[in-house]
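The following questions and answers set computed values against their definitions.

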Amino acid sequence: MDLCIIGSGYVGLVSGACFAEVGHHVVCVDNDQRKVDALQAGKIPIYEPGLEDLVHRNVAAKRLRFTNSIQDGVDSSQVVFIAVPTPPQVDGSVDLTYIERVAREIAGVLKPGEYRVVVDKSTVPVKTGEKVADTIRRYNKGAEFDVVSNPEFLREGCAVPDLMNPDRVVIGSASQKATDLMKQVYEPFRAPILVTDVNSAELIKHAANSFLSLKISYINAVAAICEASGADVEMVADGIGMDKRIGRNFLNAGLGYGGSCFPKDVKAFIAISKQLGTPFKLLEEVERINAAQLNRFIDKVRNALWVLKDKQIAVWGLTFKPDTDDVRNSVAIELVNKLVAEGAHVTAYDPKGAEKAVEWKLIDPTKVKLAPTPLDAVKDAEALILATEWKEFSNVDFAEVKQSMHTPLVFDGRNLFDPETMAQFGFTYHAVGRAGGK
Ligand SMILES: NC(=O)c1ccc[n+]([C@@H]2O[C@H](COP(=O)([O-])OP(=O)(O)OC[C@H]3O[C@@H](n4cnc5c(N)ncnc54)[C@H](O)[C@@H]3O)[C@@H](O)[C@H]2O)c1
Ligand SMILES: O=c1ccn([C@@H]2O[C@H](COP(=O)(O)OP(=O)(O)O[C@H]3O[C@H](CO)[C@@H](O)[C@H](O)[C@H]3O)[C@@H](O)[C@H]2O)c(=O)[nH]1
């Protein structure tokens, strides 16, 4: 089928490439000319395992192309996906100006007699589909279209396998014609398809992300109790997670959740529930626990080093999770900036995220040194903090790390290392919620 995706960011680009991979013809539209130029020149603006090959292969096969023209995209496609940002406003509610603008732009180019399915793939508050349909109707009285909600569940760092092999595809639709076309789009993926009404599909996305965030805050709250009682949160999580009704996924205690989705989507769900007159207080506690988690961790560093001012601290990891270069709302960056604010001298290393952290002005390179390797980062350090659990950190030679450091003190914010091994190397090792991790 011929598909158009408006917005060539994480969701637009990866889903566009995956749709092309299964045989559809896809045009990705973006209004950022620099991004379009880069993509047309074969440069992939984000790091996502497997994406570069996928894009190049499908561009070469003429199944994937990039443009800045919404007219071109809508003219040449039966199904038009919207994948533009839905950032938070100051009060936590969702800024829908990008979505509204795209709805008007689509209305401006829809031609009489040419039916289109307009699909919202961005994460939006319940009832947004109705507003998108109203907007298109208001700006183009004769337009023939249906609006469908098709939330995206990909995780960064494993977006390609997540999209090629999804747990489920949710299609929120009030029109059989649109549902049938959407089933054709997803048929090659052979994934379970759940058809719902539009409002339910929109709600599924916010409810899913909020539930996963709740699971993380739950285990982080349990980690605090483990630390207070001498239990080990890893064993507790295993014991809880072996119950199939609970599951072990998303029970990893650490520095808390970050990224471009969970923090904003939990905030959005809190705001939506308030607007609807059914406040979701439980989610406010989820946020409170998440914020407290990083502060508790920094307290541990402070307890060990007494005063942070002028201390030499190495930080491994800047991205919000491994296998991505995304540093939006990264807890690792928040940690670095808090240490710097207390006067610590931070040297950081990240396999992929340092460049964007500087480019997006999330860290100040005059205040944070960026090291080219993990070993360079730890030279003369009085403490090492592991903030993001990149696999490469497990493979570093810890004998060399110990030799390089001024003081063999390690704070593992993601419980990546084995406490016994660290002790054997001679480190004083602190983790999150683990025996000996106080
Ligand atoms: N990043 C994720 O992992 C993820 C996963 C699932 C859902 N989502 C949701 O998907 C949506 C997009 O997120 P993202 O991370 O891909 O954002 P992003 O910022 O990476 O990409 C959005 C793109 O839209 C483009 N854009 C903005 N306005 C436009 C317009 N009028 N016309 C054409 N292009 C326009 C921007 O230039 C940008 O390239 C959000 O609602 C997000 O919550 C994101
Ligand atoms: O057990 C866990 C799992 C995750 N995290 C943290 O939670 C955040 C989010 O991680 P993850 O969910 O793996 O990454 P995202 O790419 O943000 O994906 C989430 O957000 C996307 C955007 O909405 C959704 O599509 C995905 O389904 C949803 O998992 C990161 O800071 C992780 O470090 C933990 O602290 N403990």
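Q: What makes D265, V266, F269 and L283 residues that S210 touches?
A: Two residues are in contact if their C-beta atoms, placed from the backbone, lie within 7 Å. Not counting residues up to four places away in sequence, S210 touches D265, V266, F269 and L283. Between S210 and V266 the C-alpha to C-alpha distance is 5.2 Å, although they are 56 residues apart in sequence.

This is a predicted model, in which local features need pLDDT of at least 70 and side-chain atom pairs count only at pLDDT 80 or more, while totals for chains, interfaces and linings use all residues. Residues are numbered from 1 along each chain as its sequence is written, and chains are lettered from A and ligands numbered from 1 in the order in which they are written.

Q: Why does S210 count as buried?
A: A residue is buried if 20 or more other C-beta atoms lie within 10 Å of its own, exposed if 12 or fewer, and partly exposed in between, with C-beta atoms placed from the backbone. S210 has 22 C-beta neighbours inside 10 Å and therefore counts as buried. Of the 438 residues of the chain, 46% count as buried.
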